[in-house]
Amino acid sequence: MQIIVIGAIAGGSTAASQIRRALPDANITLIGSDRSIGYGTCGMPFVIGGIIEDANLIKGPSPENFSATKNIETLTQHQVLSIDRQYQQVEVENLQTKERFHLPYDKLVLSTGTRSRIPSYEGLETIPFFTLKHLEDMEAIQDFIRKYQPTSCAIVGGGFIGIELAENLIHLGLETTVILRGDHVMSSMDPKMSTRLMDEMKSNGVQFILNTEISQVSNHTLTMQNGTTITVDFLLASIGTIPNTELASDAGLSLGVTKGVPVNAYMQTADSNIYAIGDIAETEHFILQQPTRIELAWHAHRAASIVAEHLKGNSTPITPFLGTTITKLFSLSAAMTGCSEKELQRAGRIYKTVEHTGRTNAGYYPDHGMIDIRVHYDPVSRNILGAQAVGTKGVDKRIDVLATAIIGGLTIDQLAGLELSYSPPYSSPKDPLNMVGYKAD
């Protein structure tokens with residue numbers, strides 16, 4: 001069997017590796033446009049800030065070693081130009097030599113990911129400007145900082161990447177300003193939770209310009225729509241991504257409501273010989289049972305395993321996604337799973353919310369922390385619909401238990417009866433999640 005995987009970062013390199021385990025005799029070709037494969041994009045802000053001191057730690061295996069150890073033909077700095085579904089072949093271009101050639105496939109895996117959305121500010125070309133999506137982007141930011149020793153910067157956008165960049169640029173001693181169209185960071189979270197994150201950023205020196213946008217850039221001066229001006233040494237934008245679905249669309253595969261490629265429970269597209277995984281795959285939301293497109297590494301890796309198993313002949317369906325995620329922000333961690341208030345309201349769902357603020361572990365233990373938890377639930381079925389947590393420690397444990405509870409079908413009331421591990425350094429006799437269950441009851 002001839003299998004081609006397009007895209008060689010998180011989803012694609014994992015898919016190729018998993019398929020090799022499942023199908024030892026298959027001919028597998030992995031094609032990526034970057035010069036590297038399988039690198040950890042989530043670690044890039046922390047490399048920029050020096051928290052991860054050795055950039056090599058987030059880099060994946062060398063393409064040569066990957067090819068040799070996995071017996072997978074690995075073509076880096078190559079781009080697939082088109083897919084011919086009738087003759088089951090792809091046209092490939094070597095980005096260095098510009099040579100073009102065709103490769104046949106029996107099965108094709110699309111893991112083409114996303115690209116950064118670029119703002120259309122007048123005069124953007126007059127200031128050093130960066131986005132952060134690929135390893136080369138990270139290296140360009142590092143090179144600029146080393147060469148020009150900037151003292152100030154502005155970041156447009158307050159999502160996960162935006163706030164992580166803000167923290168790490170503060171670590172470098174840069175005067176950092178975040179520019180937002182709205183009035184709070186992390187719009188995917190409930191406002192009560194994102195307010196705490198914003199306060200944490202302010203207390204660590206991050207400045208904000210809110211409820212406006214950049215209208216013009218003139219050298220190092222940014223002029224806002226509300227008339228505010230700011231002068232910075234460079235500008236970063238983290239204002240979302242665009243799925244790289246052109247290959248699929250040009251090949252006649254329709255796009256879904258999320259602008260992704262719809263797939264079934266085995267990650268197959270409308271063409272049973274073509275799979276789609278990672279950022280471009282339109283799957284199902286566990287709570288809302290609506291199309292969703294999740295741009296997170298766990299989901300890409302899980303989908304890769306599902307594809308490998310399906311090619312092997314094991315029909316293991318993928319579980320619909322919750323979008324469970326977490327981030328670090330100075331002294332805080334922030335995590336979420338399932339639906340936010342905004343998503344539930346948009347979907348017209350009836351819900352109630354229970355909140356708990358308390359210590360993460362025994363108050364008499366020297367390093368006890370504080371945690372805020374919000375859990376949304378259906379008042380009739382009592383099923384948990386979504387949860388968020390912000391705190392100084394133990395956030396990952398609580399959100400992971402809540403994600404497991406949702407998938408396992410536990411009700412909000414059953415949280416009170418969860419037998420969770422207790423010792424003064426880790427929790428209290430009544431864990432914060434037990435308290436959420438008691439409060440709901």
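**Figure 1. The overall size of the protein chain in this predicted model.** A compact globule of 441 residues would have a radius of gyration near 22 Å, and the protein chain has 23 Å, so the two agree. Along the principal axes, its C-alpha atoms fill a box of roughly 65 × 55 × 40 Å. The protein chain is built with 11 helices and 26 strands. Of its 441 residues, 52% are buried. Among contacts with a separation of 6 or more, 63% join residues 24 or more positions apart.

**Figure 2. Inside the largest nonpolar core.** Let's look at the 49 residues found here. Those with the most contacts inside this core are Ile19, Ile83, Val90, Leu108, Leu110 and Met267. Helix H8 (residues 297-312) supplies the largest share, 6 residues. Another core, of 40 residues, lies apart from it, and includes Ile58, Met193, Phe208 and Leu236. In soluble globular proteins, nonpolar side chains tend to be buried together.

**Figure 3. Leu110 and the residues it touches.** Leaving aside residues up to four places away in sequence, Leu110 touches Ile6, Ile83, Ala248, Ile274, Tyr275, Ala276, Ile277 and Ile280.

**Figure 4. An open sheet of 3 strands.** Follow the order S13-S14-S15, where the pairing is antiparallel. Strands S13 (214-218) and S15 (229-231) stand at the edges; each has a single partner strand, so one side of each is left without a neighbour in the sheet. From one strand to the next, the twist averages 20°. Strand S14 (residues 221-224) pairs with S15 over 3 bridges, and the bridge partner of Thr221 in S15 is Thr231.

Notes:
Residues are numbered from 1 along each chain as its sequence is written. This is a predicted model: local features need pLDDT of at least 70, side-chain atom pairs count only at pLDDT 80 or more; totals for chains, interfaces and linings use all residues. Side-chain values use heavy atoms; hydrogens and water are left out. A nonpolar core is a set of buried Ala, Val, Leu, Ile, Met, Phe, Trp, Tyr and Cys residues joined through side-chain atoms within 4.5 Å. Buried means under 20% relative accessible area, exposed over 50%, partly exposed in between (1.4 Å probe, protein chains only). Helices (H or I, at least four residues) and strands (E, at least two) are DSSP runs, numbered from the N terminus. Contact means heavy atoms within 4.5 Å. Two strands pair if DSSP finds at least two bridges between them. Axes are lines fitted to C-alpha atoms, for helices over the stretch in contact, and angles run from 0 to 180 degrees between N-to-C directions. The radius of gyration is taken over C-alpha atoms; the globule rule is 2.2 Å times the number of residues to the power 0.38.
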